[in-house]
Amino acid sequence: MIEARHLRVLRAVATTGSFSAAGRELGCTQPAVSQQMKALETSVGTPLLVRTGREMRLTQAGEALVRHASGILAGLTAAEEEVAAIAGLRAGRVRLVSFPSGSSTLVPTALAALRAAHPGTRVSLEEAEPHRSVELLRDGDCDIALAFRYEGAADAGEWDDLVVRPLLSDRLVGLVPERHRLARADSVALGELADESWIAGCPRCRRQLVQACESAGFTPRIDFATDDYPAVVGLVGAGLGVAVLPRLAIESVRPRGARTVALEPAVRREIVALTLPDLARVPAVAATLEQLGRAARRA
């Protein structure tokens, strides 16, 4: 019989490449990791790891088991949380991963309401851009991923295996220095900014910016690029260029020396909360999704 604790150890060894590193990650000793791996190999009746120099390499059987481990562990976590909630032993825990502008706008409102309604529920928060957060979700390392994708994205089917909770449509806005010639315009066509210096945001936003500008007939000259939204706003406010940012990102930063302008045609990104089908039935996860939805409706 394969035990869940052995699967967790195997996945840690596969991720870190050694018994000692896996022990540090799991909070146990190297001999303990070695013993659990021997027990797992005895259970399955075949070697799972081969030592090559100082590193560990998975055998074919090891690769197969690691491939199934994430789904198995996610299912076990879902079962443990649901049973505990039904039995009234504890309210549960939720591991939430969010992109930065979601962390500073939707998440605080949602978690404050969740704590008021369910004070025993523990929520941890980690930040990651959507591609990484979805990886963490599929690997069983988080329970909910707050993510986004732009309208018309080519990878529209990337979430087909997940439970998708739509939250809101976030419109992109232009950001220009307050003394810019278009600072007081009701709306601005993207092509009117073709000759400007540009300040780009996160990699996914950067790709969207280039695609939108090329659709408007020009390639933006990007002089600065940063994943930090306050830095983007600060650079624009200092008169060093213009930018396009999601509305949520602007809400979380005071745009000193800069003004927002509506862009035409409108460009939007869809913000969603993602989870695995098994986890969606866990009461603490369901309650968190509900509060994220309420926070989005108030945004």
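# Working chat: helices, strands and buried residues

Colleague: How many helices and strands does the protein chain have?
Modeller: The protein chain has 12 helices and 12 strands. Helices (H or I, at least four residues) and strands (E, at least two) are DSSP runs, numbered from the N terminus. This is a predicted model, where local features need pLDDT of at least 70, side-chain atom pairs count only at pLDDT 80 or more, and totals for chains, interfaces and linings use all residues. Residues are numbered from 1 along each chain as its sequence is written, and side-chain values use heavy atoms, with hydrogens and water left out.

Colleague: What does the C-alpha trace span along its principal axes?
Modeller: About 75 × 50 × 30 Å.

Colleague: And what share of the residues count as buried?
Modeller: Of the 299 residues in the protein chain, 45% count as buried. Buried means under 20% relative accessible area, exposed over 50%, and partly exposed in between (1.4 Å probe, protein chains only).

Colleague: Of the contacts between residues at least 6 apart in sequence, what percentage join residues at least 24 apart?
Modeller: 71% of them do. Contact means heavy atoms within 4.5 Å.

Colleague: Which hand is the α1 and α2 crossing, left or right?
Modeller: α1 passes α2 in a right-handed crossing. The contact uses R8, V9, A12, V13 and T16 of α1, and F19, A21, A22, E25 and L26 of α2. On the terms, a crossing is left-handed if the near helix is turned anticlockwise from the far one by less than a right angle, and right-handed if clockwise.

Colleague: How do α1 and α3 pack?
Modeller: α1 and helix α3 (residues 30-44) pack at about 115°, with axes 9 Å apart. They are therefore roughly perpendicular to each other, and the crossing of α1 and α3 is left-handed. R5, H6, V9, L10 and V13 in α1 meet V33, Q36, M37, A39 and L40 in α3.

Colleague: Back to α2. Which residues in α2 are buried?
Modeller: F19, A21, A22 and G23 are buried in α2. The cover over the buried residues of α2 includes α1, α3, β1 (49-52) and β2 (55-58). After α2 comes G27, with a positive phi near 75°.

Colleague: Changing topic. Which way do the residues of β8 point?
Modeller: In strand β8 (residues 197-200), S197 and I199 point one way and W198 and A200 the other way, and all are buried. β8 and strand β9 (residues 221-225) run parallel, joined by 4 bridges. Two strands pair if DSSP finds at least two bridges between them. S197 stands opposite R221 in β9. From β8 the chain crosses through α8 to β9, and this β-α-β crossover is right-handed. Right-handed here means that, with the strands pointing away from the viewer, the path from the first strand over the helix to the second runs clockwise.

Colleague: Where is Q208?
Modeller: Q208 is in helix α8 (residues 203-215). Q208 is buried, at 13% relative accessible area. Setting aside neighbours within four places in sequence, Q208 contacts Y150 and V267.

Colleague: What about β11, parallel or antiparallel to β6?
Modeller: Strand β6 (residues 163-177) and strand β11 (residues 258-264) pair in the antiparallel sense over 5 bridges, and G174 stands opposite V261 in β11. Strand β7 (residues 187-189) pairs with β11 in the parallel sense over 3 bridges. A189 stands opposite E264 in β11.

Colleague: Where does D143 lie?
Modeller: D143 lies in the loop between α7 (130-138) and β5 (144-150). At 2% relative accessibility, D143 counts as buried. Neighbours within four places aside, D143 is in contact with R93, V94, R95, L137, L274, T275, L279 and V285.

Colleague: Last one. T288, buried or exposed?
Modeller: T288 counts as buried, at 1% relative accessibility. T288 lies in helix α12 (residues 283-298). Not counting residues up to four places away in sequence, T288 touches V94, L114 and I144. T288 and L114 are 174 residues apart along the chain, with their C-alpha atoms separated by 6.6 Å.

Definitions and conventions. Axes fitted to C-alpha atoms, helices over the stretch in contact; angles between N-to-C directions. Parallel < 35°, antiparallel > 145°, perpendicular 65-115°, else oblique.
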